[in-house]
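Here are some friendly notes to read alongside the structure. Keep the 3D view open and find each element as you come to it.

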Amino acid sequence: MAAASIVQRGATAITWRATPWDADGLGVAATLEVTAIHGADPGELAAALADLDAIAAAAGAALVTTRVPADATASLAALAAAGWATVETSHPLTLALTGQRFGRAVAVADASAADAAELADLAGDGFDYSRFHEDPRIHPSRARARYRRWIVDSLGNGDAVWLHRHRGALAALMSFRRAGDHVQLLLGGCARDLTLIAPMFWAGVLARLAAEGVATIATRVSAANAGALRLHEAFGFARAGTDLGLTKLYDPSVLASPLPARAAPSTAERT
């Protein structure tokens, strides 16, 4: 996990970090992420964002991203004035496991290093929603490569990765991070031609988590992904808010171009 840094102007503070896993996936030299914005003074916010631009320039960053609550009007206004574009709306979701039944389920198994190539293919081909997939300024090949890198990282950096096979072929994957009796679901989905198994795969994942002592689950779903929202809400997940994803591009021509062919992703830093 990359260390966080802070840009401070008066009572306003912007917490940010480098995200080398995103940079590698997108095929650029560097990317940054703002993880928190504290303060509402317009002048201080503008000055702090200008300082962040200077940091990004020094790092050779191609872009910087953030998510803020949809009702954070001061932050949203300052970001828009500084050249950031809203590219995604998403909902954090939560679920308490209280002994409920999840219905018909398919078998869910642990992934291993031998599954890495298939997992990367599914993650790269099977998803259409994220702050990068939904940004029309970023070439789809770069967004897909980022998810290929994401699942390979999850497999090697201590996250759990579960999967389901249908007639021998990889049909579904789920990566998550556990802390005590709480789980954060990170990336889950099915092969495009096997989406009908999604409810049974989610049932298998949730039932196994409950059996292993998990009490609460959190995840995030794009508001544009209506099918995934319906699926989670059918299992009892509740919306815990609405966030807007914003991105500022510093190297738009590179990001708009197809990603050059390269070797398969390899695990590096923890995301």
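1. Start with Glu33, which stands opposite Thr65 in strand S4. Five bridges join S3 to strand S4 (residues 61-69), and these two strands run parallel. Two strands count as paired if DSSP finds at least two bridges between them. Helices (H or I, at least four residues) and strands (E, at least two) are DSSP runs, numbered from the N terminus. To get from S3 to S4 the chain passes through helix H2 (residues 42-59), and this β-α-β crossover is right-handed. Right-handed here means that, with the strands pointing away from the viewer, the path from the first strand over the helix to the second runs clockwise.

2. A word on what you are looking at: this is a predicted model, in which local features need pLDDT of at least 70, side-chain atom pairs count only at pLDDT 80 or more, and totals for chains, interfaces and linings use all residues. Residues are numbered from 1 along each chain as its sequence is written, and side-chain values use heavy atoms, leaving out hydrogens and water.

3. S3 has another partner to find. Strand S2 (residues 12-18) pairs with S3 (residues 30-38) in the antiparallel sense, over six bridges. In this pairing, Ala13 stands opposite His38.

4. Not counting residues up to four places away in sequence, Thr15 touches Ala4, Ser5, Ile6, Glu33, Val34, Thr35 and Ala36, where contact means heavy atoms within 4.5 Å.

5. Now look back at H2. Its 18 residues should span 26 Å at 1.5 Å a residue, and its end C-alpha atoms are 26 Å apart, which agrees; the expected span is 1.5 Å times one less than the number of residues. The buried residues of H2 are Leu45, Ala47, Ala48, Leu49, Leu52 and Ala56. They pack against strand S1 (5-9), S2, S3, S4 and helix H3 (73-81).

6. Next, a pair of helices. The axes of H4 (residues 116-125) and H5 (residues 140-156) come within 7 Å and cross at roughly 145 degrees. Axes are lines fitted to C-alpha atoms, for helices over the stretch in contact, and angles run from 0 to 180 degrees between N-to-C directions. Among the residues making this contact are Leu119 and Ala123 of H4 and Tyr147 and Ile151 of H5.

7. Arg142 also lies in helix H5. Which category does its 3% relative accessible area give? Arg142 is buried. Leaving aside neighbours within four places in sequence, its contacts include Gly25, Leu26, Val254 and Pro258. The C-alpha atoms of Arg142 and His164 are 26 Å apart, although 22 residues separate them along the chain.

8. Leu229 sits in helix H7 and is buried, with a relative accessible area of 5%. Leaving aside neighbours within four places in sequence, Leu229 is in contact with His91, Leu93, Val221, Ser222, Ala223 and Arg239. Leu229 and His91 are 138 residues apart along the chain, yet their C-alpha atoms are separated by 8.8 Å.

9. After H6 comes Gly213, whose phi is positive, near 90 degrees.

Notes. Buried < 20%, exposed > 50% of the residue type's maximum accessible area, 1.4 Å probe, protein only.
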